[in-house]
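Good morning, colleagues. Please have the sequence and the model in view while I speak.

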Amino acid sequence: MSDTPAGPTAVPDAELRTDGERRTVEALDAAGVAYVRTRHGRVGSLAEAAAARGIEPADLVKTIVVRRGDDDFLLVLLPGDRTISWPKLRALLGVSRLSMPDAAVAKDVTGFERGTITPFGTTRAWPVVVDERAAGRRVSIGGGGHGVGVELATDDLVRALGATVADVSEPG
């Protein structure tokens, strides 16, 4: 993250407005992860969310739900300026097919709507893969509600979730 404070619309926030926000905070607290929550209101794109949080798009890490098989999913965390490299992810997982579920399935398997998905507080625990470009940095991830961010150290996230760190992305 940059050394500049959060943008003018992002403010520290402790209010839990949704079940998703509550689950996220409870999971972070249970894991002992140090974090700062901010709220900036709804945005229309990752670039707008990054601007509202006062960070570069690469420092906003998105959580993507990936289907490996029937009732078998994982969460892939990527810097905002990157996309999944399907060949790299398939090779890492040792599978020949992967897909992205539609919004309804993603909500069913995580408990979060698209745009609010975070690896903390999912209704079922899924394996997590973090792109290596996010490792060793301070980033902002989704906070379980629209316009809510959680700033934390990626290394803390990896430890808390037992995540795998690997090269699974390409330039966006």
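I shall discuss the pockets, then the aromatic rings, and finally a record annotation.

This is a predicted model, in which local features need pLDDT of at least 70 and side-chain atom pairs count only at pLDDT 80 or more, while totals for chains, interfaces and linings use all residues. Residues are numbered from 1 along each chain as its sequence is written, and side-chain values use heavy atoms, with hydrogens and water left out.

Let me begin with the pockets. A pocket here is an open set of points on a 1 Å grid over the protein atoms alone, where a 1.4 Å probe fits, with protein on both sides within 12 Å along at least five of seven lines; its lining residues have an atom within 4 Å of a point. Volume is the space filled by probe spheres set on the points, which are joined across faces, edges and corners.

The largest pocket holds about 600 Å³ of space. Its lining comprises 29 residues, and those closest to the centre are Lys 62, Thr 63, Arg 114, Gly 115 and Thr 116. Helix H2 (46–53), strand E3 (61–69) and strand E5 (82–84) each give two or more residues to this lining; helices (H or I, at least four residues) and strands (E, at least two) are DSSP runs, numbered from the N terminus. Strand E3 gives the most, with five residues.

The second largest pocket has a volume of about 190 Å³. Of its 17 lining residues, Thr 18, Thr 116, Gly 144, Gly 145 and His 146 lie nearest the centre. Helix H1 (residues 19–31) supplies the largest share, four residues.

How many aromatic pairs does a search of the whole structure find? It finds one, where rings of Phe, Tyr and Trp (its six-membered ring) pair if their centres lie within 6.5 Å, and planes under 30 degrees apart count as stacked, over 60 as edge-to-face and the rest as tilted. Phe 73 and Trp 126 form this edge-to-face pair, 5.4 Å centre to centre with 75° between the planes. The partners are 53 residues apart: Phe 73 is in strand E4 (residues 72–79), and Trp 126 is in the loop between helix H4 (103–110) and strand E6 (128–131).

Finally, the record. In an unreviewed entry, UniProt lists residues 43–159 as "domain: YbaK/aminoacyl-tRNA synthetase-associated"; such annotations may be inferred rather than shown by experiment. Over residues 43–159, the chain is 26% helix and 30% strand.
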